[in-house]
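Hi everyone, thanks for coming. Let me put the structure up on the screen, and then we can walk through it together.

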Amino acid sequence: MSNTQSISNANPWQGLDIQSEWERFSQRETSLPHVWISHVWVDHMHCAACSGRIEHSIKSLPGILSVHASAASKRVRVVWDAQKTSPSQWFANLNDIGYPALPLNEYNAISDRTIQQRKMLWRLVVAVFCMMQVMMYAYPTYWVGSNDMAPDMVQLMKWASWVLTLPVMLFSATPFLSQAWASIKQRQLGMDVPVSLGIVAAFVMSTLATFAPGGWWGDVVYYDSLTMFVSFLLIGRWLDVKLRNRTAGALENMMRRLPNAVLKKNDVGEWVQIAASNINAGDILFVRPGEVFAADGKVLVGSTSADESMLTGESEPVMKPMGATVIAGSGNLTSAIEMQVEQVGEGTQYHALVNLMASASTEKPGIALLADKVAQPFLWGVLLAALYALIFWWTKDPAKAVMSAVAVLVVTCPCALSLATPAAMLASAGTFAKGGVLIRRLQAIQVISEVDTIVFDKTGTLTENLQQVTLEESHAAWDRQWILDVIATMSRDSLHPVAKALHEFALHQDAQDKLEMQGWQEIVGGGMSATFTTPNGALLPVKLGNADFCGVSREAESEALRQVYVTAGEIMLARLSLTEQVKPHARAAISQLISQGLDIQLLSGDRIAPVKNLAAQLGIQNASGLQKAEDKLQHVKLLQQQGRKVLMVGDGLNDGPVIAAAHTSIAMGSGVPLTQAQADMVVLGNDIGVLVSLISHCKKTILIVKQNLLWAALYNAAGVPLAILGLLPAWLAGLGMAASSLLVLLNALRLTDWDKSGWQKGQA
Amino acid sequence: MEIAYLLIPLAVMLVFVILGGLWWAIQTGQFEDLEEEGSRILEHD
């Protein structure tokens, strides 16, 4: 590139020298003025030697206080003085020694989460450590008769236990206590209220027994049960935080990819560095190999290959010749290119993807809402049961009364109930996301597991995206190249697979898609029309589409081939034919689905012959062609009236009402623009087989949710009566509570194992 | 068994010393980077 010279002259990182820019990846060093701690991401740092070189070269710069490079996480932490240096200087230095860096913008979010998780672990460590010590002092009293130990020895052990319980109460248990307090202040009954009541009651009783023995509270202490209970609760919380962070981590791995600054061509044709937030549609950007595309757009100059695995789940590099579409968040692998920006920020596929995952992780599925609805009366029931136990025992033995009430509060701790659904759903959603399946609504997992009818609303889902195009004939009186230009221009903006194939084909024939055209419009199920200016200056209305749309007789058509015509009024300018190819796994996947008792149907807007032909190849009994959106809607409604649960599979684009009417929907295919996809789930990539394993995994998820709920219900049904009768000591109640929560979480963790192509193993 | 009167308070104090040590270790980032530190000795300085 002739322009590389002008890039290296100007410091390309100057955009980072504004405080608001560097604040995004830096934190103030509070003890020193003007000193910042920045975190950057260096992709090429592979070994310890690399990190050594980086540290060595940066340390010697003026204004750099300390550097720490970690090859394992590919991160560099730089502490620098804003009065003596600026980020652009050490960024340039990193670049010069061969390690181009990216600002780690999400560092603050990541570190927040790490701090949160670390704090939770620390609380757990304190609780468990103190619990072990308390158990040492409690253990002798389990076995020894009351007269076998000197009374002051027993007393000393109680004091020691009390001292060791203090950190647990004051530090480890604070999340529960403060949340319970917050919900009481809001006059609501949260999950933490009964738990905290139990903890506080046990602590108060034991403290009284330690320092003022002999009252109605007796002289038995419960420090062992108390510390154990808090430890178990914290184990559950910690696992929960970890599980959530794992999902969020997958999300942030993606977010981190977008570059912060890009090279843009200015009005006089020079490359200047601008902040990625200032890119507009239409800008021309320079992208070097190893960099990440900052926006969606087209390759303008040069050709390269791109790594789109983040967005498609397919690890093969994708060739990007001139004119090809590149997507934000994918990596430029082989050579430097110029690209024209078409979509930025919110409009990009990448952003849609991130939003999709973010919204799915916050949305509650219906089955979880049900659990929430049950929770309130359940909590009141728990409090009443505890009160009942208290009153029941009070006259006989006040100490036993309080501890029975505590046992009720502890044993019913509804952690298992509240974790049952979200743990399983989130585990599955995270697993799906890793395998290239994105969930817009968690609810979909539940619905898909109940589906009995699958309707494919496009043949394109079952066939390869790009079809083989042949120019069968073109009008002799017209310039063939001009006709190809017309085809390229008309098909340029359509998302229809046929138009995409035509566009690709025309470009391969050296056509240009930049002709002047007016009044372009696309008629669904027909074709496109627009008005062109012919080489000799006349206005020419052109139609591109199927025979009916173009008003041509179908005589020349064979059964299996799809024909596309280009006409100008009565004149036929060209005739093209397309051949479709069935996707590699489609047949096996369909027969697998049918053998699972699912009814597979195919509704297509295509002509009847090719649709029937495809259906026969795949073994689909019920297929109809020439279906308009209204017909499809009618068909789906009819199926629903018969009591069927319908899953629509398509590109999720043009059939809004049908998708809305169906119980749930999956959009699939690598060409799906996510921003417009309406479907509940989006399957990235082209493998139809994923559908089989997806459905079975959804079923497994719901099975596990049901197991979890059943377990929680059974456990409570058994535990509460025992606790009221005073047969359940507090420590055993704590153990039962913890075991039920752990069981629920571990059960959900089984879902993180998803074999995308596992369905094929049953074949052969 | 009189020694227990000394040992129990001592054990309690020891617990707090150990917890304090762990706290220091976590706060100063001793567990931040478990893989990297082992190879530092192999690097040139």
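Let's start with a term: a salt bridge is a side-chain nitrogen of Lys or Arg within 4 Å of a carboxyl oxygen of Asp or Glu. Over all chains, the structure holds eight salt bridges.

Before going on, some housekeeping. This is a predicted model, where local features need pLDDT of at least 70 and side-chain atom pairs count only at pLDDT 80 or more, while totals for chains, interfaces and linings use all residues. Residues are numbered from 1 along each chain as its sequence is written, chains are lettered from A and ligands numbered from 1 in the order in which they are written, and side-chain values use heavy atoms, with hydrogens and water left out.

Here is one salt bridge: Asp283(A) and Lys264(A) meet through their side chains at 3.8 Å, N to O. Asp283(A) sits in the loop between strands S7 (271-275) and S8 (284-287) of chain A, and Lys264(A) in strand S6 (residues 261-265) of chain A, so the pair ties together parts 19 residues apart in sequence. Helices (H or I, at least four residues) and strands (E, at least two) are DSSP runs, numbered from the N terminus.

Now, which way do H23(A) and H24(A) run relative to each other? The axes of helix H23 (residues 690-724) and helix H24 (residues 730-749) of chain A come within 9 Å and cross at roughly 170°. Axes are lines fitted to C-alpha atoms, for helices over the stretch in contact, and angles run from 0 to 180 degrees between N-to-C directions. These two helices are therefore roughly antiparallel; angles under 35 degrees count as roughly parallel, over 145 as roughly antiparallel, 65 to 115 as roughly perpendicular and the rest as oblique.

H24(A) also packs with helix H13 (residues 398-411) of chain A, at about 5° with the axes 8 Å apart. H13(A) and H24(A) are therefore roughly parallel. Met403(A) and Ala407(A) are among the H13(A) residues in this contact, and Ala733(A) and Met737(A) among those of H24(A), where contact means heavy atoms within 4.5 Å.

Finally, the two chains: 27 residues of chain A are in contact with 23 residues of chain B. Across that interface, the rule finds zero salt bridges. On the chain A side, the elements giving two or more residues are helix H3 (48-59), strand S3 (64-70), helix H5 (107-143) and helix H6 (151-172).
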